[in-house]
Amino acid sequence: MEPASAPKPRVSVCMAAYNGARHIKEQIDSILAEIGPGDELIVVNDCSTDETPAVVAGMNDPRIRLIQAERNNGYVRTFEWALSEARGEFVFLSDQDDVWLPGRVERMISAMDGKDMVVSNCKHFDGPLGPFHEIRLRPEDSSHAVRNILGIVVGYRLHWGCAMAVRHRLLEQVLPFPTYMKESHDQWLATVGNVNRSIVYLEEDTILHRLHGENLTPHGIRSAFKILKARIVFLRNVYEAVRRARRARAA
């Protein structure tokens, strides 16, 4: 445990890790090159059955905080846990198998320009592109909150969690995640940002997003039942985000 007088980091990076030994070192190397000496990388290991925790611990960098889950909670609750541990003013989400591009942190922080959230685009690699991978965010849509929320609910405006950063104060509305939510934590964060009209879309690619058979990115169109179920959850997210935003304004 750190002493109460320890300075708060400027940047916190939150990573959910599960059986990521193959790529996680490359990802962490790219992150550590982007953050400062007083910043932190929080890695929550979701009971990996491979060498993931050993690889992370073996990097021996004081900025890494490795947290071991006692049972497998799934990626949504693991990201929730990681975000709850963040202490930095600026909080970045990270997958375990991507690569951050140089200058990413400062470019995204600068792009916020007083807003609470920024989402960039990704350059996808190491696998075949599906229909979801062709969707790009446009800066000119940043101020169109209602349209953006509709796009999230319908499914034509996709936000990649690995390309997100938020100010810490937004976590007061983001956390805890809704208990009914089993997937798409990134769309929940984007909904909160849009409901608050405090989100910026960054045109450039700031991350190399790896596509392979082991990650959770959808590669094709899901069944009609799953699509309908997801749309209902997204509608519930809008209601919950509005409720939390009103509560925050009244506080």
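Biologist: At what angle do H5 and H7 pack, and how far apart are their axes?

Modeller: This is a predicted model, in which local features need pLDDT of at least 70, side-chain atom pairs count only at pLDDT 80 or more, and totals for chains, interfaces and linings use all residues. Residues are numbered from 1 along each chain as its sequence is written, and side-chain values use heavy atoms, with hydrogens and water left out. Helices (H or I, at least four residues) and strands (E, at least two) are DSSP runs numbered from the N terminus; axes are lines fitted to C-alpha atoms, for helices over the stretch in contact, with angles from 0 to 180 degrees between N-to-C directions. For H5 and H7, the angle is about 160° and the axes are 9 Å apart.

Biologist: Which orientation does that give H5 relative to H7?

Modeller: Angles under 35 degrees count as roughly parallel, over 145 as roughly antiparallel, 65 to 115 as roughly perpendicular and the rest as oblique. The packing angle of H5 and H7 is about 160°. That makes H5, relative to H7, roughly antiparallel.

Biologist: Which residues of H7 make the contact with H5, and how does the contact divide by class?

Modeller: Contact means heavy atoms within 4.5 Å. From H5 come Ala 145, Asn 148, Ile 149 and Ile 152, and these meet Gln 187, Ala 190, Thr 191, Asn 194 and Val 195 of H7. With Ala, Val, Leu, Ile, Met, Phe, Trp, Tyr, Cys and Pro as nonpolar, Asp, Glu, Lys and Arg as charged, and the others, Gly among them, as polar, the contact has 5 nonpolar, 4 polar and no charged residues.

Biologist: How is H5 oriented to H8?

Modeller: The axes of H5 (residues 145-154) and H8 come within 8 Å and cross at roughly 150°. H5 and H8 are therefore roughly antiparallel to each other.

Biologist: Where does the cis peptide bond lie?

Modeller: Pro 176 belongs to the loop between helix H6 (171-174) and H7. With omega at about -10°, the cis bond joins Leu 175 and Pro 176.

Biologist: Which residues lie nearest the centre of the second largest pocket?

Modeller: On a 1 Å grid over the protein atoms alone, a pocket is an open set of points where a 1.4 Å probe fits, with protein on both sides within 12 Å along at least five of seven lines; lining residues have an atom within 4 Å of a point. The lining divides into 6 nonpolar, 1 polar and 6 charged residues. Of the 13 lining residues, those nearest the centre are Lys 182, Glu 183, Lys 229, Ala 230 and Val 233.
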